[in-house]
Amino acid sequence: MTPLVSRLSRLWAIMRKPRAAVGSGHRKQAASQEGRQKHAKNNSQAKPSACDGMIPECPGAPAGLARQPEEVVLQASVSSYHLFRDVAEVTAFRGSLLSWYDQAKRDLPWRRRAEDEVDLDRRAYAVWVSEVMLQQTQVATVINYYTGWMQKWPTLQDLASASLEEVNQLWAGLGYYSRGRRLQEGARKATGVVDGNVARVLCRVRAIGADPSSTLVSQQLWGLAQQLVDPARPGDFNQAAMELGATVCTPQRPLCSQCPVESLCRARQRVEREQLLASRSLLGSPDVEECAPNTGQCHLCLPPSEPWDQTLGVVNFPRKASRKPPREESSATCVLEQPGALGAQILLVQRPNSGLLAGLWEFPSVTWEPSEQLQRKALLQELQRWAGPLQATRLRHLGEVVHTFSHIKLTYQVYGLALEGQTPVTTVPPGARWLTQEEFHTAAVSTAMKKVFRVYQGQQPGTCTGSKRSQVSSPCSRKKPRMGQQVLDNFFRSHISTDAHSLNSAAQ
């Protein structure tokens, strides 16, 4: 193992530390975030070792998994039914999966790079980047981002010398922005695979119905992954397991007839057993092995609150904990524009270095206020903090953008203000800058801000293109407010001009 591969293995565990503050939307990543270090090694040569029922050494696995006997890993509440107990069965699983992978694997840029790269350190880095990008993101989306990333930073050293601003700029639009930041941090410090696809495959092969993000299930999946990995082709094996989950053993409508390990799949065996019982074609119970814990409820089986659903088939495994709906928040944001030597300029400010969309740039924004009068006042004060005295009468409400992040449904009320007939603002405080429209489209801004700017430009009012999770509307496209709301709006509207004049006078 080269020094870099070893460092990447340790780093992978660091990057996947729990993020409780992010919210429940990320709980589904828990299983995938416990490690991918064998895949980061991708085809690096390892010395073969015999499968003797012991769990191999796993640098990035949860504490307590390194070289523990099977009897120690298994707790009293876990049945051996969910394990691979036969060396022949493990060997058959490896052989069937790798044979299938050699014939059916997709042609992906990171695989081509790994096959052509002789330097194991560069190979490990290339695969590491791809695996981070592929977390919670589809392959089709990742390809262009990956190609651009590797062209800009082909080595770990190149990435280490990059700035966070450059990383955010290239990552813009890919989502889950902390991944790019952690890649860059990891390059400056610089782990077996259990991502979402692998977790699903293992849960079905061993009929594990409990939530894979739980600590107990996660540990068992790590143990299974380390027991199964082919010591002669660890990188290929782990990619094969992920490929199987991505293309055959999919979350919905899996292609069981095309699965190379169908004969070893206990979820499939359970389906056949339930079908036989339902058809009453046999007297008594069919001769199919099932979980029979010695005492108590097995913590790896389907939870009692969610019994077997005949309509789901193998999709019964695994059952994930129900997600809480994203919390709803509202914000007001303003596109402030002024004329410039190279065309119109717009003002952007940088978000804090931690939290949602950390370090990205956005239009000046404030928390939503209960009345339009208060909202305009707060937004104008925020704008003046960055750009100096402004005329409140020019502040126009343009529409709204609804964008759903993993744990937050955020509604942006979009305003616009054009500075005309006054001296352009040439100096701004740290954390703000003026950009041309061309510079905006290549800057480190979120997809939500691009939606906001689209409303400002008025190119596609009342429509939504691109992300299915964003909605764009203009005032004319929204339903007419109820009578009571109209009365309130008319009341505040009659006071806006008076308040705006006094606020502008105070600002000057």
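**Entry 1: ground rules.** I am working with a predicted model, in which local features need pLDDT of at least 70 and side-chain atom pairs count only at pLDDT 80 or more, while totals for chains, interfaces and linings use all residues. Residues are numbered from 1 along each chain as its sequence is written, and side-chain values use heavy atoms, with hydrogens and water left out.

**Entry 2: confidence.** I checked pLDDT, the predictor's confidence in each residue on a scale from 0 to 100. The protein chain has a mean pLDDT of 74, with 69% of its residues at 70 or more. Residues 459-470 have pLDDT below 50, and beyond near neighbours in sequence this stretch has 26 contacts in the model. For residues 474-488 the pLDDT is also below 50, and there I noted 14 contacts beyond near neighbours in sequence. Contact here means heavy atoms within 4.5 Å.

**Entry 3: strand 1 and its partners.** I took helices (H or I, at least four residues) and strands (E, at least two) as DSSP runs, numbered from the N terminus. Two strands pair if DSSP finds at least two bridges between them. Strand 1 covers residues 327-338 and pairs with strand 6, residues 408-418, in the parallel sense over eleven bridges.

Entry 4: I went through the loops next. The peptide bond from F317 to P318 is cis, with omega near -15°; P318 sits in the loop between helix 14 (266-279) and strand 1.

Is A207 buried or exposed? I found A207 buried, with a relative accessible area of 4%. My cut-offs, with a 1.4 Å probe and protein chains only, are under 20% relative accessible area for buried, over 50% for exposed and partly exposed in between. A207 is not a glycine, yet its phi is positive, near 55°. A207 belongs to the loop between helix 11 (196-205) and helix 12 (215-228).

R253 is not a glycine either, and I noted a positive phi of about 50°. This residue is in the loop between helix 13 (234-247) and helix 14, and R253 is exposed at 71% relative accessible area.

**Entry 5: C256.** I found C256 in the loop between helix 13 and helix 14. Leaving aside neighbours within four places in sequence, C256 is in contact with E262, R268 and V314. C256 and R268 are twelve residues apart in sequence and 8.1 Å apart in space, C-alpha to C-alpha.

**Entry 6: helix 4 against helix 13.** How do these two pack? Helix 4 (residues 87-104) and helix 13 meet at an angle of about 75°, with axes 9 Å apart. The two helices are therefore roughly perpendicular. I list the residues in contact below.

- Helix 4 brings F93, R94, L97, L98, W100, Y101 and A104.
- Helix 13 brings D236, F237, Q239, A240, A241, E243, L244 and T247.

By class, I noted ten nonpolar, two polar and three charged residues in this contact.

Technical notes:
Axes are lines fitted to C-alpha atoms, for helices over the stretch in contact, and angles run from 0 to 180 degrees between N-to-C directions. Angles under 35 degrees count as roughly parallel, over 145 as roughly antiparallel, 65 to 115 as roughly perpendicular and the rest as oblique. Ala, Val, Leu, Ile, Met, Phe, Trp, Tyr, Cys and Pro count as nonpolar, Asp, Glu, Lys and Arg as charged, and the others, Gly among them, as polar.
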